[in-house]
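Student: I've got a new model open and I'd like to talk it through with you. Can we start with the charged pairs and then work outward?

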Amino acid sequence: MPPPAPSRLLAVLSARPPPPLCRLLQLHAHLLTAGLISSPSPPAFASSLVAAFAHSDDPRHGPRPLLHALALLASLPSPPDSARPYNAALRALSLYAHRGLVPRCLPLYRSLLLSARPDHLTFPFLLKACACLQDRRYGEAVLGHVFRLGFHADVFVVNAAVHFLAVCASMVEARRLFDQMPVRDLVSWNTLIGGYVRRGVPGEALEVFWRMAEDGTLAPDEVTMIGVMSGCGQLRDLELGRRLHGYVESNGVRCTVRLMNVLMDMYVKCGDLERAKSVFERIDGKTAVSWTTMIVAYTKFGLMDDARRVFDEMPERDAFPWNALMAGYVQCKQAKEALGLFHEMQEAKVRPDEITMVNLLSACSQLGALDMGMWVHHYIDRHRLSLSVTLGTNLVDMYSKCGNIEKAIHVFKGLPEKNALTWTAMLCGLANHGRADEAIQYFQRMIELGLQPDEITFIGVLSACCHAGLVKQGREFFSLLVSKYHLERKMKHYSCMIDLLGRTGHLDEAERLVNTMPMEPDAVVWGALFFACRMHGNITLGERAAMKLVELDPSDSGIYVLLANMYVEAGMKKKADKVRVMMRHLGVEKVPGCSCIELNGVVHEFIVKDKSHMDTDAIHDCLHEITQQIRHTANMIDIYATG
DNA sequence: GTAGGGTTAG
């Protein structure tokens, strides 16, 4: 195609949509030979050409035209004195289509400043890029320019600024700017509501929404309702969610797929699976997010078969639904299924990501599958997946739960970034391995670093004290938890503390604590008290604890056996027999104990007195031998310790 | 031509 006449050139370049890429390249060559984009020709041609390349976002070409525009802009002998080509490039860069290119916005703005004056279109793009990059310092400098150049009354610019502040600074700052706006439009309100929701302050978001409704000049649109519904979900306020759902349906708010997705999520969070399902069924053109949200919905209600069915019905699956289903299996303690799903995922050639690895490690921790866990660690290294805090924490947790505490410590020490959860995982690991002193040291170190412990951290230190019989320290932690760290004592804290008091013979104090607990003691609490009574020969209290255990779960055979054993140990044969008779009368059967072991990456399950293996006899001989050796060693230690 | 929104993870 011959080049157009010079008078037509600008019009051709400015056409929307722009000419195809091959045509643009021809025009570029033409302009070069005609000397129209070299100094001292007017920069209009260069500007239009850059803008045309930047707007040419045909997905088939990927970021190529955009990169071409950037190169062209950088190579011009005289840089354009208009913001237009820069704006076009900023627009294309900040559309997030090519996430990796967003950082290029900043140097581009710097070169714009050298030759031209930013205008009302420059700032929305640039602030969006700053928000996307979470670059607070740069964004604040840009805000300085906004005010100096007098754009503080441009509603587009200020909306983008409110968004930037909400993402990178704080809601207080975003709110201050919002309050100062002379004119606000719907986007201003939506930005503020969305900001509060993203920061997890749904109460404020709804407050803003009510104020907007009172004001009455602007009608909420689907974006408003997405924010508000998400807020209802966070608040777990089903009543309000339903009312606002009604509002959406009767006020002609566009029911986009995105809004329907949030509605589903709100119902799930508020515990109404049926309504979530009915919204899902009514979605026309379900997206991957719709399907994934429904999978998550079922997993949250423990309905793993339904989750799997939705997963299978899904037309196309990226890593998200795989991860969601896998996380569901992990949460429902079906770790074997989680690992099985991972193998399917590999067969389906879906690339696992960081979150897949997090799920896999949790599954390994549950199973004690060290070989598989090490394979995951190796996989992370080999594929250079970024070792995020969460992933690192899970690695530490996996190694310690799978029995290799040394490796857990080694990984912990090498982590580039650690947070309170990482420290908590390490400290709980040490506690579970009986290394109480170190666990407590880690706790102190973590406090020195200014990290905030949570409820789990205290379970760690309390169980450390429990293992080591450190009553005084245990009492101290138990009290600090509330007085200094303002945390709530949970069932697990009480059971730890009662176990500690009981083991060390403070039975009265343990009983007092059981009686003053703010919640109904569970089987673990009574079990700990029972164990202590048996250990210290307090039959009366032991009987009471055992009766409570029977009440809590009459079908659990274990407690009858333990109670009978306690009587035998105390020389009360008759009472022991009575318990056994009672057990027979009640028809309580012993449930066979079940355990599992990982061998060469395969997890095997087996039950008590399992004779299914062909070498059963040899295995039991070997086990007998090991038990004897342990007994012998324990005796020797006893002799040395007491003698 | 510019700004705002949802899903996966200990």
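Student: Happy to begin with R435. Which residue forms a salt bridge with R435?
Tutor: Keep in mind that this is a predicted model. The rule asks for a Lys or Arg side-chain nitrogen within 4 Å of an Asp or Glu carboxyl oxygen. For R435 the closest N and O atoms are 2.9 Å apart, and the partner is E406.

Student: And how many residues apart are R435 and E406?
Tutor: R435 sits in the loop between α25 (420-432) and α26 (436-448), while E406 belongs to helix α24 (residues 405-414). The pair links distant parts of the chain, with a separation of 29 residues.

Student: What relative accessible area does E406 have?
Tutor: Buried means under 20% and exposed means over 50%, with partly exposed in between. R435 is partly exposed at 23%. E406 is partly exposed too, and its relative accessible area is 48%.

Student: Moving on to R475 and E509, how many residues apart in sequence are the parts that this pair ties together?
Tutor: R475 and E509 form a salt bridge, with the closest N and O atoms 2.9 Å apart. R475 is in helix α28 (residues 471-483) and E509 is in helix α30 (residues 507-516), so the bridge ties together parts whose separation in sequence is 34 residues.

Student: Is E511 buried or exposed?
Tutor: E511 forms a salt bridge with R544, the closest N and O atoms being 2.7 Å apart. E511 lies in helix α30 and R544 in helix α32 (residues 539-552), so this pair ties together parts 33 residues apart in sequence. R544 is partly exposed at 49%. E511 has a relative accessible area of 19%, and the cut-off is under 20%, so E511 counts as buried.

Student: Which residues are joined into one network by salt bridges that share partners?
Tutor: By the 4 Å rule the count comes to 23 salt bridges. Some of them share partners, and one network formed that way joins R136, E140 and E173.

Student: Let's go to the surface. Which residues form the negative patch that includes D621?
Tutor: D621 lies in helix α35 (residues 616-642). It has 54% relative accessibility, so D621 counts as exposed. The patch is formed by D615, D617, D621 and E625.

Student: Now something from the inside. How far apart in space are C533 and E204, C-alpha to C-alpha?
Tutor: C533 is found in helix α31 (residues 523-536), and at 0% relative accessibility C533 counts as buried. C533 and E204 are 329 residues apart in sequence, and their C-alpha to C-alpha distance is 52 Å.

Note on methods:
Residues numbered from 1 in each chain as written. Chains lettered and ligands numbered in written order. Predicted model: local features only at pLDDT ≥ 70, side-chain atom pairs only at ≥ 80, totals over all residues. Heavy atoms only, no water. Patch = residues over 30% accessible without salt bridge, like charges linked within 9 Å, V, L, I, M, F, W, Y side chains within 5 Å. Areas by Shrake-Rupley, 256 points an atom, 1.4 Å probe, with all protein chains shown as cover. Lys, Arg positive; Asp, Glu negative; His and termini not counted. Charge placed at Lys NZ, Arg CZ, Asp CG, Glu CD. Helix = DSSP H or I, 4+ residues; strand = E, 2+ residues; numbered from the N terminus. Buried < 20%, exposed > 50% of the residue type's maximum accessible area, 1.4 Å probe, protein only.
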